Amino acid sequence: MTETASAKPKKVSKPKTKPTHPPTSVMVMAAIKALKERNGSSLPAIKKYIAANYKVDVVKNAHF
């Protein structure tokens, strides 16, 4: 067998694009500070704030 027959063509992967938003931890901290709720902010309120102020798909970015 020749080497060319056994060599598989390598897939060319495109480079990952950097997200246009800050890390999740920074977005959550900004949401908590901006909401200013006395007893703490609920998870749905934080998600709503992040979706409204950053270009992020909250369902896709499900770190929390």
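Predicted model: local features only at pLDDT ≥ 70, side-chain atom pairs only at ≥ 80, totals over all residues.
## Overall make-up

The protein has 64 residues. It contains three helices and zero strands. Along the sequence, the pattern reads α-α-α. Helix α1 covers residues 3-6. Helix α2 covers residues 24-35, and helix α3 covers residues 43-53.

Buried residues make up 16% of the protein. The accessible surface is about 6000 Å². Carbon and sulfur atoms account for 59% of that surface. Contacts can also be sorted by separation along the chain. Among contacts with a separation of 6 or more, 35% are between residues 24 or more positions apart.

## How α2 meets α3

Two packed helices are described by the angle between their axes and the distance between the axes. For α2 and α3, the angle is about 105° and the axes are 9 Å apart. An angle of 65 to 115 degrees counts as roughly perpendicular. The two helices are therefore roughly perpendicular to each other.

Which residues make the contact? From α2 come Met27, Val28, Ala30, Ala31, Ile32, Ala34 and Leu35. From α3 come Ala45, Ile46, Tyr49 and Ile50. By class, this contact has 11 nonpolar residues, with no polar and no charged ones.

Ala34 sits in helix α2. Ala34 is partly exposed, with a relative accessible area of 40%. Ala34 is also one of the α2 residues in the contact with α3. Its C-alpha lies 9.7 Å from that of Ile46, which is 12 residues away in sequence.

Which residues of α3 are buried? They are Ala45, Ile46 and Ile50. Seen down the axis of α3, these buried residues fall within an arc of 135°, so they line one face of the helix. An α-helix has 3.6 residues a turn, so residues three or four places apart point the same way. The buried residues of α3 pack against α2.

The face turned away from the buried side looks otherwise. It carries the exposed residues Pro44, Lys48 and Ala52.

Lys47 also lies in helix α3. From Lys47 to Asp57, the C-alpha distance is 9.7 Å. These two residues are 10 residues apart in sequence.

## Lys36, between α2 and α3

Lys36 is in the loop between α2 and α3. Lys36 is exposed, with a relative accessible area of 71%.

The backbone of Lys36 deserves a look. Most residues other than glycine have a negative phi. Phi of Lys36 is near 50°, a positive value in a residue other than glycine.

## His21, between α1 and α2

His21 is found in the loop between α1 and α2. With 23% relative accessibility, His21 counts as partly exposed.

What does His21 touch, apart from its neighbours within four places in sequence? His21 is in contact with Met27, Lys55, Val56 and Asn61. Met27 belongs to α2 and takes part in the contact with α3 as well. Lys55 is 34 residues from His21 along the chain.

## In brief

Helices α2 and α3 pack at an angle of about 105°. Their contact has 11 nonpolar residues. Ala45, Ile46 and Ile50 of α3 are buried, whereas Pro44, Lys48 and Ala52 are exposed on the face turned away.

Definitions and conventions:
Residues numbered from 1 in each chain as written. Heavy atoms only, no water. Axes fitted to C-alpha atoms, helices over the stretch in contact; angles between N-to-C directions. Helix = DSSP H or I, 4+ residues; strand = E, 2+ residues; numbered from the N terminus. Parallel < 35°, antiparallel > 145°, perpendicular 65-115°, else oblique. Contact = heavy atoms within 4.5 Å. Nonpolar A, V, L, I, M, F, W, Y, C, P; charged D, E, K, R; others polar. Buried < 20%, exposed > 50% of the residue type's maximum accessible area, 1.4 Å probe, protein only. Areas by Shrake-Rupley, 256 points an atom, 1.4 Å probe, with all protein chains shown as cover. Arc of directions from axis to C-beta.
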